[in-house]
Amino acid sequence: MPKFSTYYPALRRCAVAATILLMCLVACTSTPRKISEKERKEAARRVKHTAAVPDSLAALEKTFNQEGNAIGRMIAFREWGKLLRNESRFDEALQVHSEGLHLAKTLNDTLEWIQALNNIGTNYRRLGILDAAQEYHYTAWKMSEVSADTSFSAQKNRVISLNGLGNIYMTLGNLQRADSTFRLALAGEKKLKSGTGQAINYANLGAIFRQRHQLDSAWVYFRKSMQLNEREHNKIGISLCHNYFGELYEAEKDYVSAYREYEAALTIMKASKDDWHAMPTLIALAHIDYVTGKIDNALATLQKAEATARRIKSKEHLAEIYNLYYLIYYKQGAYQQALTHHLEATALKDSVAGAEKTNRIQNISLNIERRRQAELVTRSEQALSQERSRRYLTLGIGITLFALVGSFTLMLFYTQRIRSRAYQSLKKMSLLRENFFTNITHEFRTPLTVILGLSNEIATDPNAPKTHQSKAQNIHQQGKNLLTFVNQLLDISKIKSSVGDPDWRHGNLSAYIEMIVESYRPFAQTRQINLQFSSPQALHTDFVPDYVNKIMNNLLSNAFKFTPQYGKITVSLSGTSQTLQLTIADTGKGIAPAHLPHLFELFYQVEGENRHKGSGIGLSLVKQIVESLEGTIRVESEEGKGTVFVITMPIHNSKQIKAIDEADSSYAPMLPQEAATLVDSPIDEEDNGSRILIVEDNTDIAAYIGSLLTETYAVFYASDGKEGIEKAKEVMPDLIITDLMMPVMNGWEVCKQVRADQVLNHIPIVVVTAKITDADRLKGYQVGADAYLAKPFNADELTTLVEKLLEQRRRLREKFQLLDLGSNSIGEISTSETANKEEDNTEEAVNNGKADQLFLLKIVDTIYLSLDRGQEIDLDTLAGKMCMSRRQFYRKVMSLTGYSPIAYVQRVKIRKAVAMLQKDTNISLKEVSEECGFSDYSNFVRAFKNVEGITPTQYVHQLIYETE
């Protein structure tokens, strides 16, 4: 079963959605005490006339608390938190703004509620906790959308929410989404006539163009921002614009101008206590000094920046500072200092999202929610009390029944006899099962020998086609994996059933293990892994070379699987007069505590990446070997730090055991098999060929399926359900092939999400899985799968099925092409009705193809509404109203209709013109052209003839003739 963390993103989204819904219901339906404007203004006046320092506002909040003035406290918390944030005291700002949020919820003051959410989101952004920041800004935006308040403050809150979301998207590199969000925010600021707000958003848009390396456009937006900031006398904004100018000059390698702009920014910034905003400017000045060779100036500036960064506890800025130290010292040839600072910079970067920071934020979040949880705890205690009462009653009944059972005590003797017989039967069955297990694994080796021999001949035959050689190599590799699997099963059977005698030898165990470790060293060097072996002295003892080989083979192979590049694997051997201890430690990703008790169970596999997935036999084999030698094995592991296996065994020294020779020292390392490389087909927006998305966590199977389809279709890959959904939205495939059992998100959830997504619900889904029971198959169809194939599958069946499903989609597209876009049904289905139908009949619509029809009707409604209002029909706007990107909208319309969005819009316009002419043949054709959105009558005539085959005039004459 997948781990809980696998479902965390989906559960988190559900929790956020539920929270937003609850907030919206409270905001819209509850009837709180009306806060008068007089009370609010009086409280705001007292806060405004208090000294703008945190301590003064803290004292004022206590005064409001003593007065019982909740409104004053709420406003004091808001401004107090802002001052703390401006001084880069983000943790304290979070605590203060959270208190304000709690008060706003208590008073049900939607205006302050949304402001508090935005302030907390901004605090989290400054701390670099983007996921928490996004939740708060998104919640604030959704509340603003449903709020009936149209005041300046309410509209300003909405714009601030959009600005916060845009900054998050820009930080995450989603520049397209950030651009659209900032433009919405800019439109809102223009509507509010806020110069400062417009300046902020122009600067943000300029930053997007700078990241896209479109420097000319960036100059235009940054200068516009500077003009507005100067007009509004916004010193912080002016300083930031100087900083932006410096970045652009630096990108153009005009270091003199860049240095001048940075100094101007720093001069203005020194007047405030906003050290967080001043840090990038200091670092930028030091960088220019470094580039231009002014090393002393660079070091002096860096020392100031380092002191400030340490004071405000900014690990992000410290990481940049130490990285610049590293570059300077490296350039000077001070390699020891350079290395020290490089390591410190790397450690700081790694700790930005580390456990300490996460724990701190979690503790803050717990404090934020503690009041809300108190009520839940009280209710839980009441429920627990009731449950205890029921348990006491049940216990009383149980005691009574137990007394009655006492009269049947004599039956226990009979039961004991039955158990004894059953035990003997089970023992006999276990022996039979082990014998069968041994025999069947031997039988596997015969066909495997033939498979490996023939596949190797084909793979090495110079006359065979390259495609055949490649497939034969794949067969040979999979055959070797199966042979290793069979051999390990046979080893377990032998050890468990005591078949055969171990071949004991006497010799230097330290030298033997060192030889095994050295056989892995070339592989370690290719992976850039530091492999070390340590043994304080020669250790002469009795041992079984085959057993030592198997132990080292499995443990070292696992260590290499899970140790990343530049990691470290250490093998150490030590001993006393009675015992020896073998330790194999790695610095890999570690094992979760929940898995450690089951690690040595047969066939048990730790959840993880598919390329690290094994058979679940190796560690069980190691444990049985160690126990057969009267030893013990234990494992210690910590996630993110690594794993340590410790084997302790008694030392035996028998004179009758012969010494180990060279023949016993032959050893071949079992190197980890690298996963197949999956490469997506190139995306060509002009190519209307079919696209196939393969969602499969086993890279070998994914590569095989892709090889069957790649010559005919564009093929894309995803290794789990979550990645599959994201890639489906990116490439808009024509068909999805998915496995069921996958990490992060399984195939059933993929089907559900695709069918529930307006952007993706038209895509056919083929499930290819090893779960082949009738219940699994039925569940697959229930969640929206179009076809269900069992592994191993027939290649011809899969390719034929894909072809037929795509053909079915083409026929459905032809049906939509014949849809009468001008009929009354369209006019009768309003946008809201369409939305209701989509919500109420989702399952039926998906099954019958009606969801796609409703989607097209919604597009038609939107086009008709724009025409009625005399608005230009812009494809970006149209895609936005359908909650899609331009690319998604283009692919979906093409998939459903066979027309590009532009051609489809033109057909809708012409069908409206046809409806108008059918209604009134005396209407002016010029008027029809303008009503249907054609500014040029000749374009109207040309488009009409393209769609209907005749000109508008000929069509009118035809209607008049038919009427007569």
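Reply: A salt bridge is a side-chain nitrogen of Lys or Arg within 4 Å of a carboxyl oxygen of Asp or Glu. By that criterion, the whole structure holds 23 salt bridges. The model is predicted, with local features requiring pLDDT of at least 70 and side-chain atom pairs pLDDT 80 or more, while totals for chains, interfaces and linings use all residues. Residues are numbered from 1 along each chain as its sequence is written, and side-chain values use heavy atoms, leaving out hydrogens and water.

Me: What makes Lys 82 and Glu 79 a salt bridge?

Reply: Their closest N and O atoms are 3.9 Å apart, and the limit is 4 Å; the pair therefore qualifies. Lys 82 and Glu 79 lie three residues apart in helix H4 (residues 70–86), so about one helical turn separates them.

Me: Why is Glu 79 called partly exposed?

Reply: Buried means under 20% relative accessible area, exposed over 50%, and partly exposed in between (1.4 Å probe, protein chains only). Glu 79 has 24% relative accessibility, so it counts as partly exposed.

Me: Why is Glu 930 called exposed?

Reply: Glu 930 has 52% relative accessibility, and exposed means over 50%; Glu 930 therefore counts as exposed. Glu 930 is part of helix H37 (residues 925–931).

Me: How do you know that Arg 210 and Glu 247 form a salt bridge?

Reply: The closest N and O atoms of Arg 210 and Glu 247 are 2.4 Å apart, within the 4 Å limit. This pair links distant parts of the chain, with Arg 210 in helix H10 (residues 195–211) and Glu 247 in helix H12 (residues 235–251), 37 residues apart.

Key. Helix = DSSP H or I, 4+ residues; strand = E, 2+ residues; numbered from the N terminus.
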